[in-house]
Structure formats: structure tokens, C-alpha cells
Amino acid sequence: MLFGHDKIEILHLPTPLEYLKNVSEDLGINVYCKRDDLTNLATGGNKLRKLEYFLKDAMDKGATMLITEGGAQTNHGRLTAAVAAKYGLKCAIVTADEYPGEISANLLLDGMMGCPVFFVSDMETGRQAVIDKFTAEGEKVYYVPMGGSNEIGMLGYVECAIELDRQARDLDIADATIYVTVGSMGTYLGMLLGLKECGSDLKLVGINVLPYGEVGHEEEALRKALWNYYNSSCKALGLDTDRFDIKPEDFVIETAHIHGAYNNAVEEVREVMYYLARKEAIIIDPCYTGKTFEAIYDGAKNGDIPQGSDVIFMHTGGLPGIYTRHHRVELERELMPYMHIGEF
Ligand SMILES: Cc1ncc(COP(=O)(O)O)c(C=O)c1O
């Protein structure tokens, strides 16, 4: 029980905290990886920890169906479909993106797991129309917000932070700095509250990949969004905000790795994806974890992360992203020299 909420155990926890020897030797900092990409349904990822709490809430409310929303290539949608499939619920994903012209990456997995994806022109009306359709068909719909980021989903990462604090103590890196991706914010905020809750000395840096404000105002806009999310979550969970003693200035966030837009194809990000794959055989994605690992790589190279520091990279999953067309074409172009067709 966490802040009045229970979960249904879906995952084999704890996920490993691994020392990345080759990268550490190369960068001159000690890099550890928290393998939340190894969570065990449908190629894994951070949303499954959130879904353990949503599933319990949905079951308690007698739901027969989960409906969620996001971009066409939402990892969260894919993992919501996975949990629904495994626990005998129906599922649907609503997206305001255009149909990308092919069923690849997450869309392919959604379909394989029997989850319909509704491409709508307006999210507000489209979402309601999909909910109304299934309600009229007799389903009891449970709506999971975009990215699973509300006060319930966040609890999965409160728990993860407590788990990670224990693992870090065991490895004698109790005051390391964690780098985590900030998209819909639940992972970062949950971890921040979890670290406060267990009195951890671990530090947390959020790498934003989804711009919240106009160019030049991203950081201030994100800080405001996090502050609102924090206050609304405390209220919804019936928690006194004094319990965590957080002020807007306490959010340690970086917006330098957005590279202009959400989920764009960026050469520098692909370079660190190749780097990590070639040094550690760990695959990161171009939308989320690639940008976060780039922050660690650049920080080590330019001295912002001092040599000898202990750093924890939160691997939050996102593997199917490499198969999305606009990323795949760039990867294929760059990797063509590795193909030796009829020659040596
Ligand atoms: C692979 C991956 N990493 C990180 C995130 C960011 O997590 P959050 O939305 O909780 O900020 C997401 C969100 O979709 C994701 O899919």
C-alpha cells in the first residue's frame, strides 16, 4: 500500500541496477543503468510500473476496458494494451496524430495484441466519441491519462525510487545522480517524491524531451507544469505538501536535449545510441532514452559531470521506437555500410 493505493503485481521486481564497465572506463565516470526496459510485458518499459497501480484501480472499479491516448507511436498505449491483454480486459488507444501510412513499431504490437487504435482529428471530441461507443456496447470503461501520468500512475515511480535507493546503498553509490527522461512527467515526479519519502541521498536530474513551452521558455514552462502536477497529486492523494518540502526551484531539469521537437530524428542522438549499443549491447530509443543518455555522454565529455562521479541512467524502455519509419530510414541509411552484399 502506497499513499492509500494498492497495485496488482505484474512485474518481476526489482529490475537490475547494472554497472556499465565499458562506458565507465571510456567516459571516466561511473555509469550504472537501472534496467526498467527489462520489465516483462511486450518489450517492456517504464509505463508498466504505472499500470500496476492503474490495473488495481480499474479492477476495483469493475472496469472491463482500458482506454488511453497518446501519439500514434505511444509506448504507453502499447503497454496499456499489453496489460489489458494479459488481464482479460479490452483496450483501445486514441490518437490525434495522422495515420503514418504503415503499421510499424508500436502500432504493429498494438494490433498484434488485439488493441484497436482510433485516429481522430480532435482529441477532446474523439476521445469522448470512443468512450461513448464502447460504453454503448456495454463496456465499463476506465480511462488512463496520456503517459499514465496522474497521481495514481506516478506511484509506480515512487516505488521505483525506493527500490533504487536500496540498490544504490548496496552498491555503495548512495549519493549518485540519477538521469531520467521527462515526457508526461509521472516518472520524474514519482521518483522525486519517492526519494524524499525514503530520505535518500540520491540526486535526480530530469531530461525533458517533450517541450512544454515556446522556444526559449521550455524550462520555465516545465517547472510550472511540474509544480501544478505536484500540487494536484498531493491533493488527490490527500497528502500534505509539507510532507515532501518541495519548492518549484527544487526541480532539477534540463531542456537542452529536446533538439527542437518531440520525437524528431536527431543525428547526435543516434550517435549515442550506436555508442551504447557498441559498448554495452544496450539499445536505447531515439525519442526518450537516447536524449537522456546524450545528456550523460555530453556531460562527461564537457566536464559538467566531473570525472569520477557516480551516475545512474534510468533506462525507461521505448525499444519499438527504432522501427518507426522516420527513425528507421535514418538508421538504415547510416548502417548501410555494415551490409556486405555479395562482396568482401
Ligand atoms: C520509453 C519512455 N521513456 C520515458 C518516458 C517518459 O516518462 P513520463 O511520461 O512518465 O515522463 C516515456 C513516456 O512515454 C517513454 O515511453
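In which sense do strand β2 and strand β10 pair, and over how many bridges? Strand β2 (residues 30-35) and strand β10 (residues 310-315) pair in the parallel sense, over six bridges, where two strands count as paired if DSSP finds at least two bridges between them. The views below come from a predicted model, in which local features need pLDDT of at least 70, side-chain atom pairs count only at pLDDT 80 or more, and totals for chains, interfaces and linings use all residues. Residues are numbered from 1 along each chain as its sequence is written.

**View 1. The whole chain and its elements.** The chain has 11 helices and 10 strands, these being DSSP runs numbered from the N terminus (helices: H or I, at least four residues; strands: E, at least two). The radius of gyration of the chain is 20 Å, close to the 20 Å that the globule rule gives for 344 residues, so the chain is as compact as a globular protein of that length; the radius is taken over C-alpha atoms, and the rule is 2.2 Å times the number of residues to the power 0.38. Along its principal axes, the C-alpha trace spans about 65 × 60 × 40 Å.

**View 2. The four-stranded sheet.** An open sheet of four strands has the order β5-β4-β3-β6, with parallel pairing. At the edges stand β5 (117-119) and β6 (141-144), each with a single partner strand, so one side of each is left without a neighbour in the sheet. Neighbouring strands of this sheet are turned by 25° against each other on average, direction ignored. Strand β3 (residues 65-69) runs parallel to β6 and is joined to it by four bridges, and Ile-67 stands opposite Tyr-143 in β6. Helix α5 (residues 123-136) lies across β3, β4 (90-95), β5 and β6, running at about 170° to β3.

View 3. The chain is divided into domain 1 (17-45 + 150-336) and domain 2 (47-148), with bounds that come from an automatic or database domain assignment. The C-alpha centres of the two domains lie 24 Å apart. In all, 24 residues of domain 1 are in contact with 27 residues of domain 2, contact meaning that the C-beta atoms, placed from the backbone, lie within 7 Å. Helix α6 (residues 155-170) gives the most to the side of domain 1 that touches domain 2, with five residues.

**View 4. The shell around the ligand.** The ligand is surrounded by 20 residues, the closest being Asn-75, Gly-183, Ser-184, Thr-316 and Gly-318; a residue is near a molecule if its C-beta atom, placed from the backbone, lies within 6 Å of it. The elements that give two or more residues to this shell are α3 (75-86), β7 (177-182) and α7 (186-197), and the largest share, three residues, comes from α7. At least three residues of the shell are drawn from each of domain 1 and domain 2.

**View 5. Two backbone details.** The peptide bond from Leu-13 to Pro-14 is cis, with omega near 5°, and Pro-14 is placed in the segment before β1. Ala-42, found in the loop between β2 and α2 (47-60), has a phi near 45°, a positive value in a residue other than glycine.

Definitions and conventions: Axes are lines fitted to C-alpha atoms, for helices over the stretch in contact, and angles run from 0 to 180 degrees between N-to-C directions. Two residues are in contact if their C-beta atoms, placed from the backbone, lie within 7 Å.
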